[in-house]
Structures are given as C-alpha cells and as structure tokens.
Amino acid sequence: MHNPFQNAMAQLDKVAEVKDFDKNFIKKLRQPNRDVRIYIPVQMDDGTLKIFEGYRVEYNNALGPYKGGIRYHPDTEINEVKALAFWMAIKCAVAGIPMGGGKGGITVDPKLLSKSELEKLSRGWVRGLSDILGPNKDVPAPDVNTTPEIMTWMNDEFMKLTGEKTGATFTGKPLDRSLPAGRQGSEGRGVATGLGGFYVFDALRNELKLPEKCTVVVQGFGNVGSNAAEIFSKNGHKVVAISDSKGGIFDANGLDIVKLLEHKKNTGTLSGFHGSKNITNEELLALECDLLVPAAFENVITEKNANNIKTKIILELANGPVTPEADEILFQKGIHVVPDVLANSGGVTVSYFEWDQNLKGEHWSEAEVFQKLKTMMEDASKKVLAKANASNTHIRIGAFILALERIQEKM
Ligand code: NAD
C-alpha cells in the first residue's frame, strides 16, 4: 500500500533535485505546522455511544489562512490527511490565491450512518476544533463524501460556539439566497473543479499537441468526474468510457452524459447503459485515448500498471492518482501528466471566491465567477508550463517550483 504522505515527500525531494531551494526551507516543509487528532463521541440512534477519530492538519499558512476540505472515509488516516494538506498548500500557491494549505477528515463510512448521526458527527468535528478554525485562521470545505448540507451544519455549529455571524469559516455551502450574502455559498462551486480542469486542459491543449476534439476517458463519476464528463462532452469532446466504484462502461461512439446521469440515478449503476459494454477499472485505465482523467482516488496509476497506459495526456482531477514511480515511467513514455495541484485547483479557487464574497457581503453572478475562474486557471497553466519548460522537466515539477517560489518568498 502506498503511503500518500511518503509520495508527497518524494515529490518534494524530486523538486529539490531539479531546483536549488534553500535546504532549511525544504526541511521545514517536510512536516506540517500542526496536526490535530480528536475523538468525537456520537450517540447513535440505537442509544449506544460510538467514538470516531477525526483530524485537522494545518500544513502551511505563509500565503494566508489554512484552506482545505474535510474527507469522510473508512480509510482516512493521518498520513492521507497530511498528504492532502501539503498538496493544498502547493495548490493554493499554484492557483495564485492568498490562502495556505490544510485538510481534515474523519475515519468513517458515512453510508452506514443515519442523517441525524451524520449531523451529530459533523457538529462534533467542529466542537473538537473550533479554537483553531475561523475566517482568518483556517477555512475548511467539502471533500470526498462531505456535502454542502454538512458545511451548513458545521458553519451553524461554529457560529453557535463562537457567536460569530459569518459564513466565511466554511466554504462549499449551499446557494441559499434567503440568507444574508455573508453566509451564502458561491455560484458555480458545484462544477468548479471539473470546469477548472477543463479550462486548464483548454489552456494547454495546443502546447500539449492534443487535437481540437479529443477522445476522453474518465475514472470516477462523483462530483468531479460527472461534472468533468459533462463539460468535456458539451464542448464537443467524445467521452468514450467512465467508471465508478462498481466498474466501468465503454462506447466508442461516445457516451451521452446527461442520459448516463439519469441512468445512474434510476438504477444506481453505470452498467447496462444503452449501447455501452461493461469494462473493469483496469481496462478503462489502459484504453487508447487522447485524455485520461482520473477523478476518483489516489494511487490508481502505479508502477504496476503505468506501462499499460495508452493515453496521450493525463489530467489529474483526483488528488494523487499517479504515484511518483508511475510519474517517472509515464515521463519516459512521453505521456504528460497535468498534475492535481494545477488541474483540480478550480475547486479551491471558487472556494476562495466564496470566502471573499462572504467577507465583503457580496454575491457574484455565475458568469462573473466563471470568468474569474477562467482567467486564473489560464494564468496558472501558462506559468506552470513555463516553469516546467525552463527546467526541462515534468509539468508537476514545474507546478511545485512555481508554488515553492511563492511560498518561500512569503516565509
Ligand atoms: P465523490 O465521492 O463525489 O466521487 C468519487 C467517485 O469515485 C465516485 O463516483 C465513486 O464511485 C468513484 N470511485 C470510488 N472508488 C473507485 C474505484 N476504485 N474506481 C473507480 N471509481 C471509483 O468525490 P469527488 O468530490 O468527486 O472527489 C473525487 C476526487 O477529486 C478526490 O480525489 C478528491 O480529493 C478530488 N477533488 C475533489 C474536489 C471537489 O471539489 N469535490 C476538489 C479537488 C479535488
């Protein structure tokens, strides 16, 4: 099993080999500023008491308040949260937003909880950590298995505990126009990660020598994967395969994503979709295509399967889907990887917009949000590629160089 934090540190080491950063600066970045573990008691519906383990890692805040999502998953543990928090620090710096890196989580399978148990657990996470959270300290957001509704519970709990009347402590809140502007979610947050990924792809398409219309394969059909599939498809690209945790489907003629969303909603599975054939996740990753979009979990492309990959380009919308060993194999094969810290930074960028709107008491239109997002993603993409080209290295290392230069300057 790959330890995601070791992977993250292997990436940092690789950057330090390519670019001569101050040694103590790199040493400092090998641990977070703070990692906090809490134990959350929850009275279950059957009257028993269960204790859940929760985390918040505050990695680096040189550029601004810590920022990063909260993950609910049975496999969530401290090394995963530390890796994700480190990547958030890099990601915010790449995207050019004035925020630092943090991440949180709870070791839990939320599908096994009732709604009221889930609410108690989420409020408990805030009670355990309220001292270190706040609009100018640490601003959490949703990640895997956490939703806008959970952010509402959390923000409500935070306001009750602290007496602060602001929505700016949690982003990814729902778009509830009945609330004051300072407590609403932002337009566009739901699609932001997929859309940001599309803007990055579009900004780099020519330089990466991709055709005008690409064949696209997407792993994962949750928030990020389904939105990305829909956006690529709407923009004239052909999405030929998609998978979720139960397996995948393939149609060489292209899948109708709107109908597929409906099919999954009605049947709970991708399988059996009109005109498609079932494939496994391993087969999906090995398909010949222009663009492979991992949008599920970390460590899906490793030294074991990297040699089977036949795409031209990988756009990492998940966090950490390609291991450092696989990165090297893909680079040798001439397959460019557009890294997570750039490709999926649209999510945190619109989270930053939400925080900014909440602090200013403003509400921006969807068109305004998308225009600002596009400008920032294009700018970040061009700067990252220029850094990679200047050092004749991977795009990932280019992104890290850009981020580390920005963080080092502030530190
Ligand atoms: P999600 O829970 O909505 O979706 C995850 C999807 O992955 C589901 O469709 C699930 O069925 C699928 N999946 C699980 N195991 C799989 C497997 N073995 N093979 C194929 N598919 C599998 O989560 P999400 O919010 O879409 O996040 C997906 C990834 O994107 C995560 O790595 C997350 O950290 C990253 N990310 C999310 C955001 C965001 O805004 N939601 C922002 C940046 C990065």
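1. Let's start with glutamate 378, which counts as partly exposed because its relative accessibility is 29%, a value between the 20% limit for buried and the 50% limit for exposed. This is a predicted model, so please read each point below with that in mind. Lysine 374 is also partly exposed, with a relative accessible area of 30%. The side chains of lysine 374 and glutamate 378 meet in a salt bridge, at 3.2 Å from N to O. Both residues belong to helix H13 (residues 366-390), where they sit 4 residues apart, about one turn of the helix.

2. Salt bridges can also link up through shared partners: Glu119, Arg123, Arg127, Asp156, Glu157 and Lys160 are joined into one network in this way. How many salt bridges does the structure hold? The count is 30. A general idea to keep in mind is that side chains of opposite charge can pair when their charged atoms come close.

3. Is lysine 234 buried or exposed? Lysine 234 is exposed, because its relative accessibility is 67%, and the cut-off for exposed is over 50%.

4. After H7 comes glycine 236, with a positive phi near 90°.

5. Another salt bridge is found between the side chains of aspartate 340 and arginine 396, at 3.5 Å from N to O. Aspartate 340 lies in helix H11 (residues 340-343) and arginine 396 in helix H14 (residues 395-410), so this pair ties together parts that are 56 residues apart in sequence. Both aspartate 340 and arginine 396 are buried.

6. As background, most residues other than glycine have a negative phi. Asparagine 145, although not a glycine, has a positive phi of about 70°. Asparagine 145 lies in the loop between E5 and helix H5 (148-162), and it is partly exposed, with a relative accessible area of 32%. For asparagine 392, phi is near 50°, again a positive value in a residue other than glycine. Asparagine 392 sits in the loop between H13 and H14 and is exposed, with a relative accessible area of 69%.

7. Strand E5 (residues 138-142) is mostly covered, with 5 of its 5 residues buried. Strand E3 (residues 66-73) runs parallel to E5, and 5 bridges join the two; in one of them, glycine 68 has proline 140 of E5 as its partner. Tyrosine 39 belongs to strand E1 (residues 34-43) and counts as exposed, because its relative accessibility is 52%.

Technical notes. Residues numbered from 1 in each chain as written. Predicted model: local features only at pLDDT ≥ 70, side-chain atom pairs only at ≥ 80, totals over all residues. Heavy atoms only, no water. Buried < 20%, exposed > 50% of the residue type's maximum accessible area, 1.4 Å probe, protein only. Pairing = 2+ DSSP bridges. Salt bridge = Lys/Arg side-chain N within 4 Å of Asp/Glu carboxyl O.
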